[in-house]
Amino acid sequence: MTEVLSPEFLKTTVASFKDGRKTLSNCFLMPDELQRLIAEKKLFILSNSEWLFLLCSRGDYLSACYYAFDFSTGESAKSLFGAESFSKEILLDVTFRGASGDRETVKKLVSCGVFKEYKTYKRMNLSLKDIEDERLEAKLAPGYRLEKSACYTDVLSLWKEALDEKSTPLPDSEAFARFEENGLFYALKDKEDELGCVLILNRKGKTALAEHLVCSPAHRRKGLAKSLLQISLAQAKESGVTAVKLWVDEKNAPAVSLYEKLGFLDDGTKSEQYKK
């Protein structure tokens with residue numbers, strides 16, 4: 001593997017690999033994230049004449065994205081990964097909408113045994129323009145109150161207990177602090193100041209992304225997740241947000257049911273995850 005030393009190095013390397021030819025890719029690193037990964041020495045390239053993989057070190061695993069051609073073969077990818085020794089699991093995340101998308105490339109990686117199917121998330125959307133205010137009126141369980149800040153360590157512990165970090169990367173302390181400062185973090189606490197439920201509603205303009213909704217096991221079956229969603233959605237609507245999106249594990253039936261009852265609809269977009 002080769003460490004990516006600068007954005008310019010990455011751009012030149014990818015351009016050289018493409019050599020003016022059309023490629024298939026699932027790479028979507030944003031500029032800020034790219035700069036951070038490079039500064040922290042966490043971004044690497046693994047390539048041959050048919051494949052170019054970007055591997056990002058994220059705690060105890062590596063996330064992967066690729067550039068490939070129509071003629072790229074699974075055996076070529078297998079030999080590429082076989083030449084390296086990895087101490088961490090590798091997670092590949094590919095987003096598809098409907099029947100479109102580069103499924104054939106992913107099939108090559110799976111059929112030759114480089115990657116195995118892991119999880120599938122579906123995206124759901126809610127139009128706040130079309131939802132009645134009454135539907136967003138929360139009936140908070142007795143003894144709980146809304147908070148817009150919390151101890152990061154406590155929140156992180158709750159997230160780690162309930163979420164798969166490989167499938168759902170968690171914000172670090174600096175990112176969490178920014179969410180708090182911008183009023184994007186929501187929590188319900190009980191009389192003993194214990195966290196019952198947490199959520200991030202990441203607003204950007206007129207759209208928002210609901211993330212990391214988790215209810216503590218000791219506080220479940222009290223309607224806290226529904227109430228916290230309703231509170232955050234009502235505030236978002238009041239601030240001018242017109243649409244909210246979220247991702248949910250398609251096998252998490254209780255969560256899917258909750259979102260559907262609030263008006264969220266499956267938009268046909270899936271995040272299919274594979275691991276090595």
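Contact here means heavy atoms within 4.5 Å. With that in hand, welcome to a set of close-ups of this predicted model.

**View 1. Y259 and its contacts.** Setting aside neighbours within four places in sequence, Y259 is in contact with M124, L213, L229, L246, V248 and F264.

**View 2. The largest nonpolar core.** This core has 33 residues, and Y259 is among those with the most contacts inside it, together with L128, C197, L213, V244 and F264. Several elements give two or more residues to the core, including strands β7 (116-127) and β12 (243-249) and helices α7 (224-238) and α8 (253-261). Helix α7 gives the most, with seven residues. Another core lies apart from this one; it has 21 residues, among them F53, L62, L80 and L109.

**View 3. Aromatic pairs.** The model holds twelve aromatic pairs. One of them joins F69 and F71, which are stacked at 4.9 Å centre to centre with 10° between the planes. Is F69 buried or exposed? With a relative accessible area of 2%, F69 is buried, because buried means under 20%. F71, in contrast, counts as partly exposed at 45% relative accessibility. F176 and F185 form an edge-to-face pair, 4.9 Å centre to centre and with 70° between the planes; both F176 and F185 are buried.

**View 4. A cluster of rings.** Look here for W51, F53, Y66, F81, F86 and F115, which ring pairs link into a cluster.

**View 5. Charges over rings.** R21 lies over the face of F69, 4.2 Å from the ring centre. Elsewhere, the charged end of K148 sits over the ring of Y186, at 4.2 Å from its centre.

Definitions and conventions:
Residues numbered from 1 in each chain as written. Predicted model: local features only at pLDDT ≥ 70, side-chain atom pairs only at ≥ 80, totals over all residues. Heavy atoms only, no water. Phe/Tyr/Trp six-rings, centres within 6.5 Å; stacked < 30°, edge-to-face > 60°. Buried < 20%, exposed > 50% of the residue type's maximum accessible area, 1.4 Å probe, protein only. Lys NZ or Arg CZ within 6 Å of the ring centre and 35° of its normal. Core = buried A, V, L, I, M, F, W, Y, C linked by side-chain atoms within 4.5 Å. Helix = DSSP H or I, 4+ residues; strand = E, 2+ residues; numbered from the N terminus.
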